[in-house]
Amino acid sequence: LKADCWRTVCSVTLVITLVRLWGKKPGYYEILENFLDLSRAIRFATYRSTSPERIGSYEHYIMNYLEGLVRLYGEEYLRSNHHLALHFIEGLTGFGPAPSWWCFPFERLNGRLQRVRTNKMTRK
């Protein structure tokens, strides 16, 4: 899946599915809440307009998600993408809504370029 497809899966499909599966299961509530914090952060980060309140909400939910991730799984599960998610606040503040500057269109172009035959080699 491409990044935009993952965004849709995580913010719509998985939310509905995991709430139904884990909502009342003992031991899963904290994991579900952690995932929902990530989903909420993604929603605030990808709105087509932004405001200081929305940026503050993104920061709140991404921090909750990262703190929950460490609490549930330990620091060894933190990755460079988690660090970059904190810098996303600067992007929203400096450049405005993420859809005006994110790289999904370039990702699609890269996918097309990968399928171009070069040096008489075939690509699958």
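I took contact to mean heavy atoms within 4.5 Å. The model is predicted, so I noted its terms of use: local features need pLDDT of at least 70, side-chain atom pairs count only at pLDDT 80 or more, and totals for chains, interfaces and linings use all residues. Residues are numbered from 1 along each chain as its sequence is written, and side-chain values use heavy atoms, with hydrogens and water left out.

**Entry 1: Leu92**

I looked up Leu92 and found it in helix α4 (residues 80-95); helices are DSSP runs of H or I, at least four residues, numbered from the N terminus. Leu92 has a relative accessible area of 3% and is buried (under 20% relative accessible area, with exposed over 50% and partly exposed in between, for a 1.4 Å probe and protein chains only). Leaving out residues up to four places away in sequence, I listed its contacts as Ala45, Thr50, Ile55, Tyr58, Ala98 and Trp101. I also checked Leu92 against Pro52: the two are 40 residues apart along the chain, and their C-alpha atoms are separated by 9.2 Å.

**Entry 2: Asp37**

I then turned to Asp37, in helix α2 (residues 29-45). Its relative accessible area is 10%, so I recorded Asp37 as buried. With residues up to four places away in sequence again not counted, Asp37 touches Tyr61, Asn64 and Tyr65.

**Entry 3: aromatic pairs**

For rings of Phe, Tyr and Trp (its six-membered ring), I counted a pair if the centres lie within 6.5 Å; planes under 30 degrees apart are stacked, over 60 edge-to-face and the rest tilted. The count by this rule is five aromatic pairs. One of them, Phe44 with Tyr61, is stacked, at 5.9 Å centre to centre and 15 degrees between the planes. This pair links distant parts of the chain, with Phe44 in helix α2 and Tyr61 in helix α3 (residues 52-73), 17 residues apart. Phe44 is buried, at 15% relative accessibility. Tyr73 and Tyr77 form a tilted pair, 5.6 Å centre to centre with 50 degrees between the planes. I found Tyr73 partly exposed at a relative accessible area of 35%, and Tyr77 partly exposed at 45%. I also noted a cluster in which ring pairs link Phe44, Tyr47 and Tyr61.

**Entry 4: charges over rings**

I counted a charge as over a ring if NZ of Lys or CZ of Arg is within 6 Å of the ring centre and within 35 degrees of the ring normal. The charged end of Arg54 sits over the ring of Tyr47, 4.0 Å from its centre. For Lys25, I found the charged end over the ring of Tyr28, 5.5 Å from the ring's centre.

Conventions. Helix = DSSP H or I, 4+ residues; strand = E, 2+ residues; numbered from the N terminus.
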